[in-house]
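Here is a friendly walk through one protein model, told as questions and answers. Have the structure open and follow along.

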Amino acid sequence: MKTLFEEIKASIKNNYNQDRSFWRPVLPWGGVFTIKAGRKAVSCTPLYVEIRLKNTCTIDGFLMLLYVILNENENFPRELSLHFGREFVDCFLYLMDTYSFTTVKLLWIWDKMEKQQYKSEVHKASLIIDLFGNEHDNFTKNLENLMSTIQESYCSNWRCPTRVQEDQQRTINIKYLLEGATLFNKEEHHYSAAFQIGGHWMHYDGLRNVNLILLNKPEFLLLSSLVYIRATEK
């Protein structure tokens, strides 16, 4: 069984016209998660029976970028596991590969976000989670440990008063690789993303019916974030 990443690469390779696109929606905007009660259930506590997600574009683009980077770079899953935990990384990849897109968004919301970072309300039988805001508050703010750079120095002389010293560096000389970017539509207050996969640049927009297409013409959108990963040391 092919992974989602392999399916996307195959669809690009086997489609020769200029409007190459993935054959099925990837991380569509919003989402509905149904809570299934057992047959013997008389009442449901809490009272809602489904979870509805709104304005998810503030996390959608970065979740898509995260999935692609994890598959494109063999060392990144191990590095991300040091910060997020191996269980989160494995669960994230499994949910993406099984097209469980609403569940993967809930994994991020409840595992990585603080409650004050999103709005929620109960409406009739639904819990509504509204992620309206900006990408920094909903995504990159939760990556501070991953993005910080720590340098450790060690003194081999046992007479050293401080043999191990850690300093957080303000500047550091590392060459980085550009993996993708997030984009902002000012008129619609909507985020999308662009990234490399299989040697091609793709544009992902969860609001489109066909939401993953080849980026073969300029998109007149504002640049929101550039996403780099550290180059592998040779």
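Q: Is Leu215 buried, partly exposed or exposed?
A: A word on the ground rules: this is a predicted model, in which local features need pLDDT of at least 70 and side-chain atom pairs count only at pLDDT 80 or more, while totals for chains, interfaces and linings use all residues. Residues are numbered from 1 along each chain as its sequence is written, and side-chain values use heavy atoms, leaving out hydrogens and water. Buried means under 20% relative accessible area, exposed over 50% and partly exposed in between, with a 1.4 Å probe and protein chains only. With a relative accessible area of 30%, Leu215 is partly exposed.

Q: Where is Leu215 found?
A: Helices (H or I, at least four residues) and strands (E, at least two) are DSSP runs, numbered from the N terminus. On that numbering, Leu215 is found in the loop between β10 (212-214) and β11.

Q: Which strand gives the largest share of the nonpolar patch?
A: Patches take residues with over 30% relative accessible area and no salt bridge, joining like charges within 9 Å and nonpolar side chains (Val, Leu, Ile, Met, Phe, Trp, Tyr) within 5 Å. Here Tyr176, Leu178, Trp201, Leu215, Leu223, Leu226 and Tyr228 form a nonpolar patch on the surface, with about 620 Å² of accessible area together, computed by the Shrake-Rupley method with a 1.4 Å probe, where for residues only the protein chains shown count as cover. At least two residues each come from β7 (176-185) and β11 (222-230). The largest share, 3 residues, comes from β11.

Q: How are the rings of Phe88 and Phe92 arranged: stacked, edge-to-face or tilted?
A: Rings of Phe, Tyr and Trp (its six-membered ring) pair if their centres lie within 6.5 Å; planes under 30 degrees apart count as stacked, over 60 as edge-to-face and the rest as tilted. The structure holds 8 aromatic pairs. For Phe88 and Phe92, the centres are 6.3 Å apart and the planes 10 degrees apart, so by the cut-offs the pair is stacked.

Q: Which residue has its charged end over the ring of Phe88?
A: A charge sits over a ring if NZ of Lys or CZ of Arg is within 6 Å of the ring centre and within 35 degrees of the ring normal. The charged end over Phe88 is 4.7 Å from the ring centre. The residue that supplies this charged end is Lys112.

Q: Which residue makes a polar contact with Ser126 through its side chain?
A: A polar contact is a pair of N or O atoms within 3.5 Å; within protein, one must be able to donate a hydrogen and the other to accept it, and residues adjacent in sequence count only if both atoms are side-chain atoms. Ser126 lies in strand β4 (residues 126-130) and is buried, with a relative accessible area of 8%. Its partner also meets Arg52 in a salt bridge of 2.8 Å, N to O. The side chain joined to Ser126, at 2.8 Å, belongs to Glu50.

Q: What is phi of His189 near?
A: His189 lies in the loop between β7 and β8 (190-197) and is exposed, with a relative accessible area of 52%. Most residues other than glycine have a negative phi. Phi of His189 is positive, near 50 degrees.

Terms used:
A salt bridge is a side-chain nitrogen of Lys or Arg within 4 Å of a carboxyl oxygen of Asp or Glu.
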